[in-house]
Amino acid sequence: IASQEAEKRGWHLYLVGGAVRDLLLAKTAGSLMIKDIDLVVDGFHKSADVGAGVELAKALQQLYPAARLEIHGAFQTAALLWHKDPELDSLWVDIATARTEFYPYPAANPEVEASSIRQDLYRRDFTINAIALRLTSPRSGELLDFFGGLLDLQAKQIRVLYANSFIEDPTRIYRGVRFAVRFGFEIEPQTEEFIRYAINSGVYDRTSQENTKTPALQTRLKTELKHILEAPYWKSALQLLDNLGALQCIHPTLKLDGSLLRQLRLLERCLRRFDAEQTLIHWQMRLEALIAHLAPEYRVKVAKNLQLQEDSILRLKNLVQSFSQVIECLPTLQRPSQIVQLLRQYDLPILILIALQSPRSLRHQIWEYLTVWANVQPLLNGNDLKKLGYKPGPLYRQILDDVVAATLDGVIKDRTEAEEFLA
Ligand code: CTP
């Protein structure tokens with residue numbers, strides 16, 4: 001339907017980006033689920049009008065009223081979104097006009113200028129993402145592969161299109177690593193050199209500045225980190241980012257050393273054990289663990305740069321104080337009830353961060369608290385207290401807390417002992 005609408009207006013329509021790459025990979029690798037479709041409109045004899053993509057999206061929205069239309073004026077792109085549609089489930093279709101991007105200064109937002117499909121593809125990140133499939137006739141179904149993307153798909157290579165690509169958009173370093181690990185591809189040697197050059201030239205300084213003029217870049221870096229840290233291959237991706245020196249984009253001192261690796265392994269165990277219901281956001285906890293590994297004075301700045309949620313920023317800010325409180329008090333406490341009293345002022349995510357950095361003996365006490373002690377319930381309830389002659393009131397809470405404490409410390413084991421204890 002989209003291609004008919006484009007043809008009516010004398011335009012070409014192309015499927016581009018990840019969908020083409022994944023279609024071609026699926027030919028060899030099997031199943032495919034495309035939820036994100038990128039379309040590009042171009043003119044037959046000259047570039048299409050810069051608003052062509054938006055016009056086509058509007059025409060399609062008339063035909064599919066269930067779709068939500070979003071127009072991104074600055075970039076002359078539009079998106080049609082089907083959210084949980086009974087037939088399509090969730091689908092996101094981006095429609096842009098063929099364009100080249102010209103960057104006024106490195107790491108800034110690209111500005112827009114109408115141009116042809118070849119230039120549109122050339123401005124993209126990697127050869128495997130720069131193949132177009134023509135959807136309009138004549139020659140619909142034809143692949144446009146100007147930069148050797150098909151060969152690179154076969155040879156399993158992540159190859160950048162031009163030398164300056166990573167300087168213009170440092171998040172492409174993270175994208176390259178993500179694709180390499182996800183597909184089991186290699187970063188082609190020249191591309192690796194360009195990555196190292198970009199990093200050595202301080203491209204990350206622009207991404208790690210406190211008062212950066214380019215918040216969009218930070219947002220994109222965070223999006224890339226999210227993609228990486230929520231994928232099953234996140235550990236290999238971090239390893240590759242570290243090998244390339246690219247963790248410096250988060251902070252110049254961030255290294256995936258033995259101690260950080262051990263903490264990340266522990267974190268996974270914690271998340272499996274204490275958050276099977278996934279009430280915490282796991283990728284965010286991984287990112288917090290990375291940031292918590294930095295010296296305390298850098299943590300909040302990095303968290304703010306990456307625009308983490310307020311609660312994450314607060315946690316990283318309070319970590320030093322909470323950590324020293326726990327590390328100083330815990331060894332002085334003998335009884336489980338005292339440990340519970342200390343630890344219950346902290347919620348699960350901060351306790352996890354504290355535990356990751358604690359020596360083993362203290363960590364085991366935190367585990368014991370989380371798995372057993374925090375879940376101990378009073379052996380009696382309000383009705384029992386009433387029968388024992390206590391007048392209902394705020395004192396009940398205190399009495400029941402005392403019963404829990406006595407249970408934790410092994411003073412009482414059952415209801416009878418609890419009643420005797422209160423008597
Ligand atoms: N793109 C780019 N540079 C970026 C981001 C995107 O050149 N920094 C281009 C690539 O051609 C990419 C397309 O825009 O294929 C779509 O981007 P996106 O949807 O983010 O990625 P996909 O390639 O579709 O990958 P994924 O399957 O992970 O969504």
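This is a predicted model: local features need pLDDT of at least 70, side-chain atom pairs count only at pLDDT 80 or more; totals for chains, interfaces and linings use all residues.

Student: How many helices and strands are in the protein chain?

Tutor: The protein chain has 21 helices and eleven strands. Both are DSSP runs, numbered from the N terminus: helices are H or I with at least four residues, strands are E with at least two.

Student: And what percentage of the residues is buried?

Tutor: Of the 423 residues in the protein chain, 36% are buried. Buried means 20 or more other C-beta atoms lie within 10 Å of the residue's own; exposed means 12 or fewer, and partly exposed is in between, with C-beta atoms placed from the backbone.

Student: New topic. Which residues are around the ligand?

Tutor: They are Gly17, Gly18, Asp36, Asp38, Arg124, Asp125, Asn129, Ala130, Asp169, Thr171, Arg172 and Arg175. The cut-off is a C-beta atom, placed from the backbone, within 6 Å of the molecule.

Student: Which element gives the largest share of that shell?

Tutor: Helix H7 does, with three residues.

Student: How does the shell divide by class?

Tutor: One residue is nonpolar, four are polar and seven are charged. Here Ala, Val, Leu, Ile, Met, Phe, Trp, Tyr, Cys and Pro count as nonpolar, Asp, Glu, Lys and Arg as charged, and the others, Gly among them, as polar.

Student: Now strand S1. How many of its residues are buried?

Tutor: S1 covers residues 11-16, and six of its six residues are buried. Both faces are covered. Trp11, Leu13 and Leu15 sit on one side, and His12, Tyr14 and Val16 on the other.

Student: Which way do S1 and S2 run, parallel or antiparallel?

Tutor: Antiparallel, with six bridges joining S1 to S2. Two strands pair if DSSP finds at least two bridges between them. Tyr14 stands opposite Val40 in S2, and Val16 stands opposite Asp38. Asp38 is also one of the residues around the ligand.

Student: What else does S2 pair with?

Tutor: S2 pairs with strand S5, residues 89-97, in the parallel sense over six bridges. Val41 has Thr97 as its bridge partner in S5.

Student: And what is the bridge partner of Tyr14 in S8?

Tutor: That is Arg134. S1 and S8, residues 132-134, pair in the antiparallel sense over two bridges.

Student: Why does Arg134 count as partly exposed?

Tutor: Because it has 19 other C-beta atoms within 10 Å. Not counting residues up to four places away in sequence, Arg134 touches residues including His12, Tyr14 and Gly141.

Student: What about Thr136?

Tutor: Thr136 lies in the loop between S8 and strand S9. Thr136 is buried, because 20 other C-beta atoms lie within 10 Å. Thr136 and Gly10 are 126 residues apart along the chain, yet their C-alpha atoms are separated by 9.7 Å. Beyond four places in sequence, the contacts of Thr136 are Ser3, Ala6, Glu7, His12 and Leu13.

Student: Over to the helices. At what angle do H14 and H15 pack?

Tutor: H14 (residues 296-305) and H15 (residues 310-329) pack at about 175°, with their axes 9 Å apart. Axes are lines fitted to C-alpha atoms, for helices over the stretch in contact, and angles run from 0 to 180 degrees between N-to-C directions. So H14 and H15 are roughly antiparallel to each other. Angles over 145 degrees count as roughly antiparallel, under 35 as roughly parallel, 65 to 115 as roughly perpendicular and the rest as oblique.

Student: Which residues make the contact?

Tutor: From H14, they are Pro296, Arg299, Val300, Ala303 and Lys304. From H15, they are Ser312, Ile313, Leu316, Lys317 and Val320. By class, the contact has six nonpolar, one polar and three charged residues.

Student: Last one: where does Leu294 lie?

Tutor: Leu294 is in the loop between helix H13 and H14. Leaving aside neighbours within four places in sequence, Leu294 is in contact with His251, Thr253, Leu254, Arg299 and Val302.

Methods. Residues are numbered from 1 along each chain as its sequence is written. Two residues are in contact if their C-beta atoms, placed from the backbone, lie within 7 Å.
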